[in-house]
Amino acid sequence: MKKMRLLVWAFVIMIIGGTWLADCSCSKTSKTEDEADSVVVFLDKMRETDTIYDEFVAYRNESDSAYEDTLSEEYQMPPVLPSFTRIEKGFSADSGNLSYSLHVDYPKSSITNAKAIKQWLVDMIREDSCGMGDGDSEQLRLYELYLPVAMYTDRFVTYTKFSMKYEGGLHGNYTERFISYDYVHKQEIDYDYLFLDGSIADIVKILLEEVEKSPRYKEWNPDVKSEVFVKDSKGRTTGKFKLPQPGLSKEGVVFSFQPYSISCFAAGVFHFTIPYERLTPYLTKRAKWCLIM
């Protein structure tokens, strides 16, 4: 029981700041070695087992209704795939003013390189938790992180990362993106993994063409160019480009633009997909291997 209490507090420490690990860049203060070790123990156990301790009971209190009012809609998790186990756990602190819940599809140990996927998930969750809980302990602060599997192949896995937070004000904020991981080579799939050097201008051109085909583009007319064309301090285009992190889907490479980035908050997240066949000339050798092309 004493050990469980220590692990419970380790989890609370992690979600409030999670910052006593040596590799967490948002560290602000030092704690005892015992506290740091307890966080490491928790993360190691999460990585190496198929479940987070059953004693970690999901916590929801009277602040539920306040939280639901902060977002435009409730996030709906898709059905869990057979090779994964869905874990939904949570905690509250600061007399209920701080609430955190985690919903993640965790790989079963029987699948290939399950340990690598678990480590990648742990690192992602730990990074996402940095800074959470900062501020006035009397202020209602609510956080939820959803990580359902969107696609799983014998070479990569794609998660939908849906992160929601409320830290005061009229409404909460959220982000949603697709994040893919090559678990054979133990490498997150980013722009450099997928695309050849010097191809970004061509990919941006193709993306803008695909954007105009989207029904949501026609409905909201978002300003995608303002996000992908890099400007200088005077608002002039520099001839350089930037793109959101790509994610892999069945149809193609997905680029996600978050609320406020190209349109108003009410418009929500925009996901634009470039079909694989349009990207074939620009893919790296490893990307073609990953996609079996």
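1. The model is a predicted one, in which local features need pLDDT of at least 70 and side-chain atom pairs count only at pLDDT 80 or more, whereas totals for chains, interfaces and linings use all residues. Residues are numbered from 1 along each chain as its sequence is written, and side-chain values use heavy atoms, with hydrogens and water left out.

2. On those terms, β10, β11 and β12 form an open sheet of three strands, in that order and with antiparallel pairing. The edges are β10 (246–248) and β12, each of which pairs on one side only. From one strand to the next the twist averages 35 degrees, where axes are lines fitted to C-alpha atoms, for helices over the stretch in contact, and angles run from 0 to 180 degrees between N-to-C directions. Within this sheet, β11 and β12 are joined by six bridges in the antiparallel sense, and S256 has H271 in β12 as its bridge partner. Helix α6 (residues 200–211) packs on the sheet and touches β11 and β12, its direction making about 115 degrees with that of β12; contact here means heavy atoms within 4.5 Å.

3. Strand β3 (residues 141–147) deserves a separate look, since seven of its seven residues are buried, a word that stands for under 20% relative accessible area, with exposed over 50% and partly exposed in between (1.4 Å probe, protein chains only). Both faces of β3 are covered, with R141, Y143, L145 and L147 buried on one side and L142, E144 and Y146 buried on the other. Strand β2 (residues 98–107) pairs with β3 in the parallel sense over seven bridges, and R141 of β3 is the bridge partner of L98. With strand β5 (residues 156–166), β3 pairs in the antiparallel sense over five bridges, and there E144 stands opposite M164.

4. The structure holds 13 aromatic pairs, counted where rings of Phe, Tyr and Trp (its six-membered ring) have centres within 6.5 Å, with planes under 30 degrees apart called stacked, over 60 edge-to-face and the rest tilted. One of them is the edge-to-face pair of F84 and Y159, at 6.4 Å centre to centre and 85 degrees between the planes. This pair links distant parts of the chain, F84 lying in strand β1 (residues 84–93) and Y159 in strand β5, 75 residues apart, and both F84 and Y159 are buried. Another edge-to-face pair is formed by Y174 and F265, with 5.8 Å between centres and 75 degrees between planes. Here too distant parts of the chain are linked, Y174 being in strand β6 (residues 173–182) and F265 in the loop between β11 (252–257) and β12 (270–275), 91 residues apart; Y174 and F265 are both buried.

5. Ring pairs also link F84, W120, Y152, Y159, Y181 and Y183 into a cluster.

6. A search of the whole structure finds seven salt bridges, each defined as a side-chain nitrogen of Lys or Arg within 4 Å of a carboxyl oxygen of Asp or Glu. In one of them R126 and D123 meet at 2.6 Å, N to O, and these residues are three apart in helix α4 (residues 114–129), so they are separated by about one helical turn. R126 counts as buried at 12% relative accessibility, whereas D123 is partly exposed at 31%.

7. K161 forms a salt bridge with D128, the closest N and O atoms being 3.5 Å apart, and this pair links distant parts of the chain, with K161 in strand β5 and D128 in helix α4, 33 residues apart. Both partners count as buried, K161 at 13% relative accessibility and D128 at 15%.

8. E210 and K213 meet in a salt bridge at 3.2 Å, N to O; E210 is buried, with a relative accessible area of 11%, while K213 is exposed, with 54%. Salt bridges that share partners join E209, E210, K213 and R278 into one network.

Note on methods:
Helices (H or I, at least four residues) and strands (E, at least two) are DSSP runs, numbered from the N terminus. Two strands pair if DSSP finds at least two bridges between them.
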